[in-house]
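This briefing concerns the structure shown below.

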Amino acid sequence: MTTTTTTNPASSSSLSKPEQDALKASIFQRLHPRVYLERFLAENVRPDGRSLGCNADSAWRDVSVNVGSISTADGSALVRLGGTTVVCGVKAEIAEPELDHAGDGFLVPNLDLPAMCSPRFKPGPPSEDAQVLSDRLNEALVVSNILPLTSLCIHPGKAAWVLYVDATCINYDGNVFDAALLAMVAALKNTTLPKATFDEETGRTTCSSSRKFRTPLGITRTPIAMSFGVFDSKHILPDPTSFEEPLLDTTVSILVDSSSGALISVSQLGLLDGDGDGDALLRTCIASAGRRRDVVAKYI
Amino acid sequence: MATQTGFDRRRINGPEESHPPTFQVEEDFESRRWKLGEPRRTRKSADIRPIFLQPGLIDQANGSAYVETERTKIACAVYGPRQSKNAAYNEKGKLNVEVKFTPFSCERRRAPMRDAEDRSIAVAIHQALVPSVRLELLPKSTIDIFVTIIEADGIEGCVASGTVAASTALADAGIEMLGLVISCAASVVGTEIWLDPTEEESRSSQGTLVLSCMPALETVTSVWQSGQIKIEKVLECMSACQERCIDVHSVVAQALVENL
Amino acid sequence: MISFTSFPIQPDDIHNGWRAHHPDIAEDTLMDLDDEQELFEAGGSKLTYPGESLTSSQSYMRGHGTYVDNEEVIASVAGTVERVNKLVTVRAIRTRYNPEVGDLVVGRITEVQPRRWKVDANSRQDAVLMLSSVNLPGGVQRRKLESDELQMRTFFEEGDLLVAEVQAFFSDGAMSLHTRSLKYGKLRNGQLVSIPPILVRRLKSHFIALPCGVDLILGLNGYIWVSKHVKESDQEGEEGFDTEAVYSNQNDEIDESTRLAISRVTNIIRVLASRFVPLSDTLLLEAYEWTVDQEGGVKDLLQEDVGDALVATVTARL
Amino acid sequence: MQSLSKAEKSYIQVGLLSSPPSRSDGRSLLDYRSVALETGVAPLANGSARVNIGRNANQAGGGTEVVAASKLEVESIDDDGGVEGGRIVCTVSCSPSAYPHLSSGALDDIQQDMTTILHQTLAHPSLHPNNLSILPRKKSWLLNLDVLVLADAGNVYDALFIAARAALWDTKVPRTRSVEYKARKTTGTKPGGTGDMDVDEETPSGFDTRQIQNATDFELPDYWDEGEVLDGREKWPVCVTLNLVPPVHYLDATGQEEAATPLRLLLMFTFPPNGPADVQAMRMLGPGELKITQLKDLIVTGEKYAHDLYHSLNVKLKEEDVRRNQKARDRFEQHR
């Protein structure tokens, strides 16, 4: 947990003993983040109180998903993963398919990390972090083949649905990738499309405005991601917070199908040697992700 | 503006052009539509939408607030006061307001670019807040207020709720203020005054007005009016808004105190 | 109270016969235009433009605003030709202020930097006022302390106006100012008018006290400070140099008639400047008396006909 | 905003608050500087005007100078953003020389703020002219009103709205004639070629399909004049800026006075030929604050100032019309 309390040393004398200790701890945390984390891990606990080791449920932060609360979107979800909050909305529009994929629609996922969600982002065009995350999210949706793009076709070569899946981070407390993917998948699950007909004579597509004829998307597979950080080549920290993230050597993200538990992809950022046994570390992560799936799958 | 073009290599891009779906007009549309002279459908003319206000939702920020009035959903974070970057010396602090709509916040998808409307709402919120913040105590500093509109139901509602959220977030950040700023919108529909109009209601009104004030000091910090309203109606609107602001003020104060 | 007027009618005959003169130039200077090559007529002045050949470089020396090419002295700015003995210079009509050591200027602080202030003095570069070039509270000759460096804004801060003298030039051409005289320092009790620097002539004194209770400081850089008259004795108290007052931002009590007089003088300066009449103490006094005689209000001066009459009267009398 | 020293600010404020109030140039609180106005300054525009507040007669520069021009474009409804009945888009741009001390980012911001306030006020449906339609459901006019701030010596908002009103007053909408390709068989279609479109008599509801329009395109008939004036051109609003140094307020602040004034109230009024004035827009600018009773009083008083401004402006605009007609006639004579 990072606290950005600006403190006035002069006033600390008026604080009670425990308050003074907390203040010292937070100053120490800011000055020596690495040592701070090391001391916690030596006690087998993480700074936010989670237990170390990645098998117990308590190694992860609480997750909650709230779908369909945004009426201007065709589908939406709000995901909280510990302090990290991501809201995602799906807007459906109509476009002409590309020439070489006449029967396909479009799925356009983007993640925005506005200046609001963390002091490290500035207002303006997407930051590097946002670009990387958007790319990874797109990749995740594509490799898992979440829904066949052919199912978005209205009239081959003439009209198809474009699903803009826009996620915005409200509070950035680490592991935004897992939270954003969960939000995107949940929002897509929540999305319904109106019945659309293409009129060949006028070349226009019209939709029925009746709620009755709205249909959900033909989602075939729902991927969920579980990310782990590796600290000091030996500690696996599932679901890292924004305080832990900059201190990690390696990040591993495991993508599994939420319903079957089948492994979809494993991605790793940074060197994984695990004191000479990187494979073992990786296997531990995959196993842990499998167990975590049972918890998260309930929310989709 | 029917098309959304603009390739941006920093984002995942869709097709070059796409249109929002056009819907068939339902048969009973005309008969169901609200017509001038009919009473307000959803609530009484002087009623406002229920307000849900939660300070301190964004723990990364120095102060924050989330506000929801039925469909309008706004999150606001305050960072600072922090050292002004590359700005000339200023005896007073600077209050910087940035407003951002999420792409899915309106009926039509908003391309994720800064547009004129963002700025116009930011200016309105800035004006409402600036008299309340004791910037004279913060030389060389900047307070950044970031407002994200998650869902919008009427520009006036966004200005009013955004102001309330921002003022709450400022209080949550422990920044010195003269008082809390509360804001309320009114619209003139026929001969009636409807408070806190929705988007549809403000569209069918002759004019709208947003009044921002500090009820604790009984002063007005901003008035933002557009449309066509007779002077005496304007004055009436202002009184109605002010009265409602006093009610909202107690809600906000309560939420703040509970959060402490 | 609002009234609409029209823009002055543009003469339609621009293409018949070139209208070579700048509208700012008083009509009488134009008379000389026709006198071909009569360069240095007594009393008169000739207007020139960049690129015009003025004279031969063998018989004359090249001064500011000219260059030599092919043994000819050629103007490099648009303005009036002036000659002192063999030296030919061209003074630009519209230009920023060209500082010279010893000039009196009025400037505005733009930035506070370590041990120095940057001052806008209507010149090419911001002027510099070193902390060591100002009088500090607690005695004229006292040493500069570190604590002075930390509280420079208590002496001058951004936006403050001051009157100073050009002391020297840095190697980059920026002028260095000093306020080490009791006459110099922070300005209070009045308002600023800004006019083209060329209209401020070098006078014996640039501090003018008009009998109407108004003090004028004619900065050679075209910034003119019009303020309430301060008695000499108040300003200079030998050893008892009033530190509070020198750097105070507080105005004195100013009564209504003084305010009116300040506004009147300001408007006179604006009127004269708009007709391109160079300022001098006698001229200003003359003008002030005339406006009082006319019994018009201060704002009447802004009307075109009143302004014309004023200029016609005072220039005729001199 | 100009930078002023504390002493200068206090000199201005104390002057405004003393009794009788005195201003740096000797004006009374409610005096405007002289306002010069000319219409028809841009021959290629459909309407244009130039305004200068506080210009010194013999000086080239000085004063707040604003130029406004309107240009009409044909838009297809649906395809390129056209709207049934036409639309108005207002844009303000500021010359960097008007604000030499501002960075380009800050200049963009004030441009956008001025654009927003002008557009939100003038493009409001309550002011929309009726004759911007060409062919129902097919073509309409887009009126681009571009306003350029060339110099700001204070009171720029009043100048913006005076220039905008004058340019819109001056705007001529070209006459159009619909062209039909299909046979005329339905009633309700006006026979083509009889002259200008007349949409005043009924407002199409948009959903009304009973009346079938066969006209598919239009042409611009060759007329002797530039077209007809915008419908209801009397109603374009004027703006008065009340500069507030409580308890007094004053009009037409100079740049220096603005820098010494903590709060400004912009009031835009329109004056229907019969009946009381309408408020078209209202904004507060600056860090000051007001009691609601003060604010209400200011609105009521502001209406009187706006009324004076509106009437003087109307007189001037009519003079300009006469002058331009005269000029056009003279030119016509010459050509013969």
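The points below are grouped by topic.

The model is predicted: local features need pLDDT of at least 70, side-chain atom pairs count only at pLDDT 80 or more, and totals for chains, interfaces and linings use all residues. Residues are numbered from 1 along each chain as its sequence is written, while chains are lettered from A and ligands numbered from 1 in the order in which they are written.

**Chain B**
- Chain B has 5 helices and 10 strands (DSSP runs: H or I of at least four residues, and E of at least two, numbered from the N terminus).
- Of the 260 residues in chain B, 55% are buried (20 or more other C-beta atoms, placed from the backbone, within 10 Å of the residue's own).

**Nonpolar cores**
- The largest nonpolar core holds 295 residues, and Ala183(A) and Leu160(D) are among those that touch the most other members (buried Ala, Val, Leu, Ile, Met, Phe, Trp, Tyr and Cys joined through C-beta atoms within 7 Å).
- A second, separate core has 7 residues, including Leu54(C) and Val73(C).

**Sheet in chain A**
- An open antiparallel sheet of 4 strands has the order β12-β11-β13-β14 in chain A (strands pair if DSSP finds at least two bridges between them).
- The edge strands are β12 (235–238) and β14 (263–269) of chain A.
- Strand β13 (residues 250–257) of chain A is joined to β14(A) by 6 bridges, and Ser253(A) has Ser267(A) as its bridge partner in β14(A).

Technical notes. Buried ≥ 20, exposed ≤ 12 C-beta atoms within 10 Å, placed from the backbone.
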